[in-house]
Amino acid sequence: MPIFNVLSLDPFIRVNDAFVMDHSIDARPIEFPIRPSIIDSEPNSKETRYQADFYQYIACDLVVETVLDYPYPYISEKTLRPILCKRMFLILGPVGVLSLLRNKGFYTFNDIIDESYDNISDPSDRFRAVISEAEKFCSRPLQEIVQYLEHSHSKFEHNFYTLTNLQELELLDLEKSLK
Amino acid sequence: MKEISTKVSDLLNKKYHIISHWNFLEFDQDFSILRERARGIKKDHYDLKDRIIVEHMDTDYYVKINDFQIGINLRNFFGVMAELDIPHHLFIFYTNHFGIKKEIDLLCENRHPNDRPTIIETFLSRLHYKQESVQNIDFNVDSVKFNMLCMMHLTRSHRNAAYRELDKIDRSKILLSGTNANF
């Protein structure tokens with residue numbers, strides 16, 4: 001058997017960023033760090049990786065997942081964090097993330113956010129749809145959103161419960177499938 | 001760090017004889033490392049219960065091959081295994097790539113249907129979720145001051161683009177945060 005020709009990663013490092021290549025979306029680098037004083041620690045520190053106190057001040061987390069232009073739903077701690085903090089989420093990520101979450105038993109928030117972005121396969125169009133929903137959500141009066149949160153309390157409890165029980169359920173499924 | 005949950009690992013160890021445990025992060029920058037590790041487990045024959053756990057939780061990089069998207073790292077993995085003639089049924093993929101079976105089926109299309117890896121799909125890796133770190137906090141909306149929060153960590157194109165758009169929103173409505181980590 002001849003030696004397999006391993007493809008080097010370097011030339012492809014930006015392949016998953018192809019969605020910005022047509023320059024219709026401005027993705028020029030940002031001068032980070034930018035951190036409002038209310039966020040009193042690094043967004044991804046040991047203390048804030050799963051839950052953070054400053055979530056008490058917000059209604060909805062716009063999760064910018066690890067990848068946007070990707071063939072699979074990709075879910076990391078970024079998406080799990082608002083669930084664990086009992087808050088809403090809007091996800092800028094691959095197509096089908098919300099669908100995967102629903103299939104796992106989680107509520108999403110299509111009674112207040114247009115979640116059709118989750119079905120948009122073109123990453124540039126999906127990006128625009130998510131940003132548009134973020135703008136709309138931010139234009140709502142805060143009082144109206146707080147009322148929605150209060151009214152939806154059981155959904156947040158359910159989501160927390162679903163996530164903290166998921167590992168056991170997956171383990172049971174795995175046990176069955178390996179028999 | 002092993003990303004597989006302890007309970008899943010225990011179950012697999014109970015069910016199978018785990019002869020090795022690999023993580024793509026250990027070799028995805030240098031596949032000669034994988035080649036060496038695979039040579040280390042190469043045998044003329046394997047026991048019925050021999051298995052190798054392969055953790056594939058990090059992002060892959062995609063190219064279109066025959067109108068189908070294939071992850072470069074995944075392609076490299078199976079290429080090296082084919083080169084060394086390692087049976088593919090040995091592998092148990094622990095992955096957060098929901099739907100990776102399509103890719104694996106394509107990469108293994110010349111293998112017998114029984115000589116395919118087992119795939120365990122989950123987003124609950126130890127890197128992304130630690131049950132013991134989670135507290136059941138009280139649901140409380142009394143302190144809500146902002147409609148939205150958006151935090152960005154590693155610099156990526158879609159985050160730059162998101163920041164540029166969200167920066168136009170009134171800061172009394174949205175909390176924006178970013179750190180300075182680069183590619």
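Colleague: Which residues are buried in helix H4 (residues 100-107) of chain B?

Modeller: In this predicted model, B:Ile100, B:Glu103, B:Ile104 and B:Leu107 of that helix are buried. A residue is buried if 20 or more other C-beta atoms lie within 10 Å of its own, exposed if 12 or fewer, and partly exposed in between, with C-beta atoms placed from the backbone. Helices (H or I, at least four residues) and strands (E, at least two) are DSSP runs, numbered from the N terminus.

Colleague: Why do the buried residues of H4(B) line one face of the helix?

Modeller: An α-helix has 3.6 residues a turn, so residues three or four places apart point the same way. Here the buried residues of H4(B) fall within an arc of 95° seen down the axis, so they line one face; the arc is that of the directions from the helix axis to the C-beta atoms. Their cover includes strand S4 (68-71), helix H3 (72-83), strand S5 (91-95) and strand S6 (118-121) of chain B.

Colleague: How many residues of chain A are in contact with chain B?

Modeller: Two residues are in contact if their C-beta atoms, placed from the backbone, lie within 7 Å. By that rule, 78 residues of chain A are in contact with 73 residues of chain B. On the side of chain A that touches chain B, the largest share, 12 residues, comes from H5(A).

Colleague: In which sense do strand S1 (residues 58-64) of chain A and S7(B) pair?

Modeller: Two strands pair if DSSP finds at least two bridges between them. S1(A) and S7(B) pair in the parallel sense over 3 bridges, and A:Ile58 stands opposite B:Phe146 in S7(B). Strand S7 (residues 146-154) of chain B is mostly covered, with 7 of its 9 residues buried.

Key
Residues are numbered from 1 along each chain as its sequence is written. Chains are lettered from A and ligands numbered from 1 in the order in which they are written. This is a predicted model: local features need pLDDT of at least 70, side-chain atom pairs count only at pLDDT 80 or more; totals for chains, interfaces and linings use all residues.
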